[in-house]
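Please walk me through this structure, piece by piece.

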Amino acid sequence: MIANTLAREFGLEPHEVEVRIGDSKLPEGPGSGGSRVTASVIPPMLLAIEQLKAAIQQSAKRQPVPGSNAPWREMLAASPDLSASGVRPEDSRQMAPGIQSPLKQAGFMGWIFGWMMRRFSNLAIGAGVPSSVQIVEVEVDTWLGHVSVVKVHTGIAVGKVVAPALAHSQAAGAVIQGVGYALYETREVDSRTGDVLSGGMEDYRIPGIADTPVIDVHFDQGGFDHVLGGSVGIGEVATVPTSPAVANAIHHATGVRLTELPIRPDRLVAALKGRAAA
């Protein structure tokens with residue numbers, strides 16, 4: 001994400017950018033969670049890039065050739081080592097129509113939560129909240145209780161996509177993870193000792209290639225102009241709708257509503273028998 005953004009601003013290729021993270025000698029970054037990484041990293045990066053561009057223009061030993069198709073590449077080659085930094089500002093109060101601050105919607109409790117996040121997590125919550133919707137098609141074997149997820153259409157509103165290949169991979173992987181959560185994955189615990197009995201892949205079922213549906217990913221890249229850079233994080237929002245969408249599709253196909261995950265064959269068969277008895 002960082003490499004793509006900087007490369008785009010300077011007309012470079014992402015592989016030409018060396019990104020250094022994960023070292024205590026470097027500036028502290030945000031925690032990787034809560035769908036907030038992109039919204040936290042990109043704004044100060046864009047501000048730092050503006051400062052760096054100004055410094056390069058002032059210190060370059062020669063200006064690019066008129067009509068050059070790579071002016072920044074030429075000026076970088078003709079500039080000394082430089083550094084720049086930026087700090088993420090507050091989101092603009094001028095929000096897009098229909099977008100409201102989630103904390104303001106929560107009223108007094110939202111104010112308390114916002115204060116606690118600032119005080120203890122150094123985190124300011126703006127209105128850059130992503131959202132998603134999913135449509136799932138399933139096939140259900142009503143004799144054996146097996147469920148196959150055939151197709152998943154996922155629409156995700158996250159503003160400008162910074163790294164398209166990464167974003168698409170994350171969204172598709174999130175769907176697969178959600179299918180596993182809905183149909184297969186369960187942690188078995190010894191009730192006497194508390195030991196996890198399904199601690200390895202021999203005993204813990206996750207989706208495989210044959211379980212993976214056709215996945216259509218669509219990104220809605222508008223609506224976040226009030227956030228510097230126009231982007232918010234994908235993260236958790238990509239996988240949250242999958243399991244309830246699978247459960248809803250099973251209900252639509254069979255008429256039974258299961259409320260316990262995973263939706264195992266034995267549970268589905270028992271529910272279908274109960275429906276028939278009723």
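Arg73 sits in helix H3, which covers residues 71–77. Helices (H or I, at least four residues) and strands (E, at least two) are DSSP runs, numbered from the N terminus. Arg73 is partly exposed, because its relative accessibility is 34%. The classes are these: buried is under 20% relative accessible area, exposed is over 50%, and partly exposed lies in between, with a 1.4 Å probe and protein chains only. Arg73 touches Phe10, Gly11, Leu12, Glu13 and Glu16, when residues up to four places away in sequence are not counted. Contact here means heavy atoms within 4.5 Å. Ile2 is 71 residues from Arg73 along the chain, and their C-alpha atoms are separated by 18 Å.

A word on the source. This is a predicted model, in which local features need pLDDT of at least 70 and side-chain atom pairs count only at pLDDT 80 or more, while totals for chains, interfaces and linings use all residues. Residues are numbered from 1 along each chain as its sequence is written, and side-chain values use heavy atoms, with hydrogens and water left out.

Now to the start of the chain. Helix H1 (residues 2–10) packs with H2 at an angle of about 35°, and their axes are 11 Å apart. Axes are lines fitted to C-alpha atoms, for helices over the stretch in contact; angles run from 0 to 180 degrees between N-to-C directions. The crossing of H1 and H2 is right-handed. H1 brings Ile2, Thr5, Leu6, Glu9 and Phe10 to the contact. From H2, the residues include Val41, Ile42, Met45 and Leu46. By class, the contact has 10 nonpolar, one polar and two charged residues. Ala, Val, Leu, Ile, Met, Phe, Trp, Tyr, Cys and Pro count as nonpolar, Asp, Glu, Lys and Arg as charged, and the others, Gly among them, as polar.

H2 spans residues 37–59, and Thr38 is found there. Is Thr38 buried or exposed? Thr38 counts as buried, because its relative accessibility is 14%. Leaving out residues up to four places away in sequence, Thr38 touches Met1, Pro43, Val162, Ser231, Val232 and Gly233.

Next comes the sheet. Three strands form an open sheet in the order E1-E2-E3, with mixed pairing. E1 and E3 stand at the edges with a single partner strand each, so one side of each has no neighbour in the sheet. Neighbouring strands are turned by 10° against each other on average, direction ignored. Two strands pair if DSSP finds at least two bridges between them.

Take the antiparallel pair. Strand E1 (residues 131–140) and strand E2 (residues 147–157) are joined by 10 bridges. Val136 has Val152 as its bridge partner in E2. Glu137 stands opposite Lys151, and Val140 stands opposite Val147. The hairpin of E1 and E2 has six residues between the strands, and Gly145 takes a positive phi near 85° there. Most residues other than glycine have a negative phi.

The other pair is parallel. E2 and strand E3 (residues 214–220) share seven bridges. His153 has Asp216 as its bridge partner in E3. E2, helix H6 (residues 164–183) and E3 make a right-handed β-α-β unit. Right-handed here means that, with the strands pointing away from the viewer, the path from the first strand over the helix to the second runs clockwise.

Helix H7 (residues 242–254) lies across E1 and E2, and runs at about 40° to E1.

Gln221 lies in the loop between E3 and H7. Gln221 is partly exposed, because its relative accessible area is 47%. Its contacts, leaving aside neighbours within four places in sequence, are Gly159, Lys160 and Val161. Gln221 and Ile156 are 65 residues apart in sequence and 8.6 Å apart in space, C-alpha to C-alpha.

One loop remains. Pro262 lies between H7 and helix H8 (265–277). A cis peptide bond joins Leu261 and Pro262, with omega about 0°. Most peptide bonds are trans.

Terms used
A crossing is left-handed if the near helix is turned anticlockwise from the far one by less than a right angle, and right-handed if clockwise.
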